[in-house]
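Welcome! Please take a moment with the sequence and the model below, and then we can walk through its aromatic rings together.

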Amino acid sequence: MPITLVIIAITCIVSFMAFKNSRLMNDLILWPPAIARQREYHRLVTYGVVHADFGHLLFNMITLYFFGRVMEGFFTSRMGPFGFALFYIGGLVISILPTYLKNRNNPDYRSLGASGAVSAVLFAFILLAPWSRIIVLVIPMPAIVYAVLYTGYSIYMDRRGQGNVNHSAHLWGAAYGVVFTLLAEPRVLPHFLNALMQPSFR
């Protein structure tokens, strides 16, 4: 079974269980003091398999399904059968580290959801096919245009510091996705730059 589908299955099963089990949710969610004081380092990964609600879960898993399949093939061909799993888990950890370090002594802070790792997958895909058409809230647009809008919006909202969405994780996840992909296959950069010079919205 493809790794992408395994990740989606695990995330959906655990998320649905946690919706009805607050103890399970509390054991898996990113709660910085549990890591800093109790050394529960698993939370740097497990926070990504629980979600706030069904809509949060659905959006992340649909995005992962469409773009994860492409990137799984890419990383499998270069890093072996578990290359995509390594990439995805790394995305969970790297995207949340700045948030954890900023809030490591804050007992009131909690974070959950796979958005950081999903951002990594999406931005890795954009390197491969920047002019591919993607659908954003029923609006079709080139992937590279979405990347620019997404980055700008996330930076703006992160600086405002309002709301319950961890925009910092989105940004760090996106950056990680780009850097990891280029390290795995340096030839992606000239391919990306060449593709940018040949717009083709399809």
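## Aromatic rings and a helix

One aromatic cluster is made up of Phe74, Phe75, Phe84, Phe87, Tyr88, Tyr176 and Phe180. This is a predicted model, where local features need pLDDT of at least 70, side-chain atom pairs count only at pLDDT 80 or more, and totals for chains, interfaces and linings use all residues. Residues are numbered from 1 along each chain as its sequence is written, and side-chain values use heavy atoms, leaving out hydrogens and water.

The structure has 12 aromatic pairs. Rings of Phe, Tyr and Trp (its six-membered ring) pair if their centres lie within 6.5 Å; planes under 30 degrees apart count as stacked, over 60 as edge-to-face and the rest as tilted. Here are two of the pairs:

| Pair | Centre to centre | Angle between planes | Type |
|---|---|---|---|
| Phe67 and Phe125 | 4.8 Å | 55 degrees | tilted |
| Phe75 and Phe180 | 5.5 Å | 75 degrees | edge-to-face |

Phe67 belongs to helix α5 (residues 54–79) and Phe125 to helix α7 (residues 115–128), 58 residues apart. Helices here are DSSP runs (H or I, at least four residues), numbered from the N terminus. Phe75 is in helix α5 and Phe180 in helix α9, so their pair ties together parts 105 residues apart in sequence.

Both Phe67 and Phe125 are buried (under 20% relative accessible area, 1.4 Å probe, protein chains only). Phe75 is buried too, at a relative accessible area of 0%, and Phe180 is buried at 17%. Other buried residues of α9 include Gly173, Tyr176 and Gly177.

Note on methods. Buried means under 20% relative accessible area, exposed over 50%, partly exposed in between (1.4 Å probe, protein chains only). Helices (H or I, at least four residues) and strands (E, at least two) are DSSP runs, numbered from the N terminus.
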